[in-house]
Amino acid sequence: MFKNIINGIKAYFGTFNLISKLGLWKYFVIPILISLITGLTFVALVYFFSDTLGTLIARVWPWEWGAETFATISTYIGGLLILVLGLILYKHIVMALSAPFMSPVSEKVEAHLLGATRHIHRNTTFRQQLARGIRISLRNLFRELLFMIPLLVISFIPVIGIVGTILIFLIQAYYVGFGNMDYTMERHFNYKESVQFVRKHRGMAIGNGIVFVLMLFIPIIGFIITLPISVVAASTQTVKILDEKKLIAVTNTSEKPKEIKE
């Protein structure tokens, strides 16, 4: 899996040039606006409500001694909780709403990599792409929260908290990589087949998501460039795997795509 994580990261190299070469920037205008608005909204929530949440957390301290110190710490804890939960929601909201705009980007990357050969794709409408994006995001959101809530508690425990923090980061990376890969898989697989494919290539999803999550911490610019280059990187790597394993049906042959098995 470690090799696949590295490949997922390496797929980012050259993405800016590929986006410019294929003229893809025009497809990112609306997704970038969605990303900016959503991202700045969550940043504002951290700024305005961290004190309020910190005050609520501070009430669990029943003693007078150390109350002021605990209140200060609680403010930071409140801000961290909002930031982490906001980051989780941000990713899935942006990726779900951007699905109809990212699918054409992935398709153009696929055509560029595989040449003029005509491939059989699932024909889906804007509404179907949006519905699938929302379905995938909701699935991943609930599963992510299932893991994240106990890990958030563990992350505040000295020493053990380091492990919890690392796991939080990797889980977030995995599910965001899943979403980026699905923009390509949407054309070739149904919902269940896509889930199976990502499970078999979870290392690639983690590698793609690692860079995505790290870039979000670049002020403002992170909300602008992260989605475009991460989608192109995921599409590039996903198409290569699909092609190598002959999972893409071709119109000029009788060969059918192989079934994905666990």
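Predicted model: local features only at pLDDT ≥ 70, side-chain atom pairs only at ≥ 80, totals over all residues.
I took Val232 as an entry point. Leaving aside residues up to four places away in sequence, Val232 touches Thr15, Leu18, Ile19, Leu24, Phe28, Val105 and Val109.

**Salt bridges**

I asked how many salt bridges the structure holds. The count is three.

I checked Glu144 and Lys91, whose closest N and O atoms are 3.0 Å apart. Glu144 sits in helix α5 (residues 126-154) and Lys91 in helix α4, so I recorded a link between distant parts of the chain, 53 residues apart. Both residues are buried.

I went on to Arg187 and Glu110, which form a salt bridge with closest N and O atoms 2.5 Å apart. Arg187 is in the loop between α6 and α7 (191-200), Glu110 is in helix α4, and the two are 77 residues apart. I count Arg187 as buried because its relative accessibility is 3%, under the 20% cut-off. Glu110 is buried as well, at 2%.

The remaining entry is Arg132 with Asp182, with 2.7 Å between the closest N and O atoms. Since Arg132 lies in helix α5 and Asp182 in helix α6, this pair ties together parts 50 residues apart in sequence. I found Arg132 buried, and Asp182 too.

**Surface and backbone**

I looked for nonpolar surface and noted a patch of about 430 Å². Ile162, Val163, Ile166, Leu167 and Leu170 make this patch. I placed Leu167 in helix α6. Is Leu167 buried or partly exposed? Its relative accessibility is 38%, so Leu167 counts as partly exposed.

Last, I checked Ile220, which has a positive phi of about 60° although it is not a glycine. I located Ile220 in the loop between α8 and α9. Ile220 counts as partly exposed because its relative accessibility is 44%.

Conventions
Residues numbered from 1 in each chain as written. Heavy atoms only, no water. Contact = heavy atoms within 4.5 Å. Helix = DSSP H or I, 4+ residues; strand = E, 2+ residues; numbered from the N terminus. Buried < 20%, exposed > 50% of the residue type's maximum accessible area, 1.4 Å probe, protein only. Patch = residues over 30% accessible without salt bridge, like charges linked within 9 Å, V, L, I, M, F, W, Y side chains within 5 Å. Areas by Shrake-Rupley, 256 points an atom, 1.4 Å probe, with all protein chains shown as cover. Salt bridge = Lys/Arg side-chain N within 4 Å of Asp/Glu carboxyl O.
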